[in-house]
Amino acid sequence: LWYSESELLWGDCMQNETFRILLVDDDHNERDGLRFLIEREKYPLQIIEASNGKRALEIIRQEPIDILLADIRMPYMDGLELSAIVHDEFPETKIIIFSAYGEFEYAKKAMEAKAVNYLLKPIDVQEFLKVISSTMAKCREDKILAEQRKQRMQADKTLRWINLLTGKQSMTVETFDVLKKQGYPIGDKIT
């Protein structure tokens, strides 16, 4: 029985969770190759493709993306410019830059654009899989933390209401009036 690396890594914990990845490269063969690797590993990723940065930005502004995987050199808008805009507008999106250019200056610009990783072409399969796995783990961690924050805020809000209603916390005249109008049994005066 053969299991892919992602099945061993993710198991059932990722079964119902799918992330959205946008592959951006003007070379259709490159996109096909990346798609093949992702599908072969059975990563829980919904794959969306764009052939340039301008089109990618249109897609991202219409629908949420968890991971942006972009080439540097493309027509209309390069991957570095795209990454900088995406980071500013959608800071929760994880950005991975890949390029045939290994010069330090490109890597430095990618990091300035807040890329979480920088891959060199031709893509090393094991490195690619490691980067995708760690990026998905970071996405999952961020979603868990966001859900925990949301639950904490709801619990804090509920506790404040309970304290107001039971008189354990004082309330403003405005809060008193709102509660009274909504029929809460709070008495006739503010404590």
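Strands β1 and β2 run parallel and are joined by six bridges. One of the pairs across them is Ile21 with Ile47, the latter in β2. Between the two strands the chain passes through helix α2, and this β-α-β crossover is right-handed. The model described here is predicted.

**The sheet**

- β1 and β2 belong to an open sheet of five strands, with parallel pairing.
- Read across the sheet, the order of the strands is β2-β1-β3-β4-β5.
- Which strands stand at the edges? They are β2 (residues 45–50) and β5 (residues 117–120). Each has a single partner strand, so one side of each is left without a neighbour in the sheet.
- Neighbouring strands are turned against each other by 20° on average, with direction ignored.
- Strand β3 covers residues 67–71 and strand β4 covers residues 94–99; the two pair in the parallel sense.
- Five bridges make up the pairing of β3 with β4. Asp71 has Phe98, in β4, as its bridge partner.
- As a general point, side chains in a regular strand alternate between the two faces of the sheet.

**Helices α3 and α4**

- Helix α3 is formed by residues 53–62 and helix α4 by residues 79–89.
- How do their axes meet? They come within 10 Å and cross at roughly 15°.
- Angles under 35 degrees count as roughly parallel, and α3 and α4 are therefore roughly parallel to each other.
- The crossing of these two helices is right-handed.
- From α3, the residues in the contact are Gly53, Ala56, Leu57, Ile60 and Arg61. They meet Leu82, Ile85, Val86 and Glu89 of α4.
- Sorted by class, this contact has six nonpolar residues, one polar residue and two charged residues.

**Two details in the loops**

- Lys42 lies in the loop that leads from α2 to β2. Although Lys42 is not a glycine, its phi is positive, at about 60°.
- Pro122 is placed in the loop between β5 and α6, the helix of residues 125–166.
- Is the peptide bond from Lys121 to Pro122 cis or trans? The bond is cis, and its omega is near -5°.

Definitions and conventions
Residues are numbered from 1 along each chain as its sequence is written. This is a predicted model: local features need pLDDT of at least 70, side-chain atom pairs count only at pLDDT 80 or more; totals for chains, interfaces and linings use all residues. Side-chain values use heavy atoms; hydrogens and water are left out. Two strands pair if DSSP finds at least two bridges between them. Helices (H or I, at least four residues) and strands (E, at least two) are DSSP runs, numbered from the N terminus. Axes are lines fitted to C-alpha atoms, for helices over the stretch in contact, and angles run from 0 to 180 degrees between N-to-C directions. Angles under 35 degrees count as roughly parallel, over 145 as roughly antiparallel, 65 to 115 as roughly perpendicular and the rest as oblique. A crossing is left-handed if the near helix is turned anticlockwise from the far one by less than a right angle, and right-handed if clockwise. Contact means heavy atoms within 4.5 Å. Ala, Val, Leu, Ile, Met, Phe, Trp, Tyr, Cys and Pro count as nonpolar, Asp, Glu, Lys and Arg as charged, and the others, Gly among them, as polar. A crossover is right-handed if, with the strands pointing away from the viewer, the path from the first strand over the helix to the second runs clockwise.
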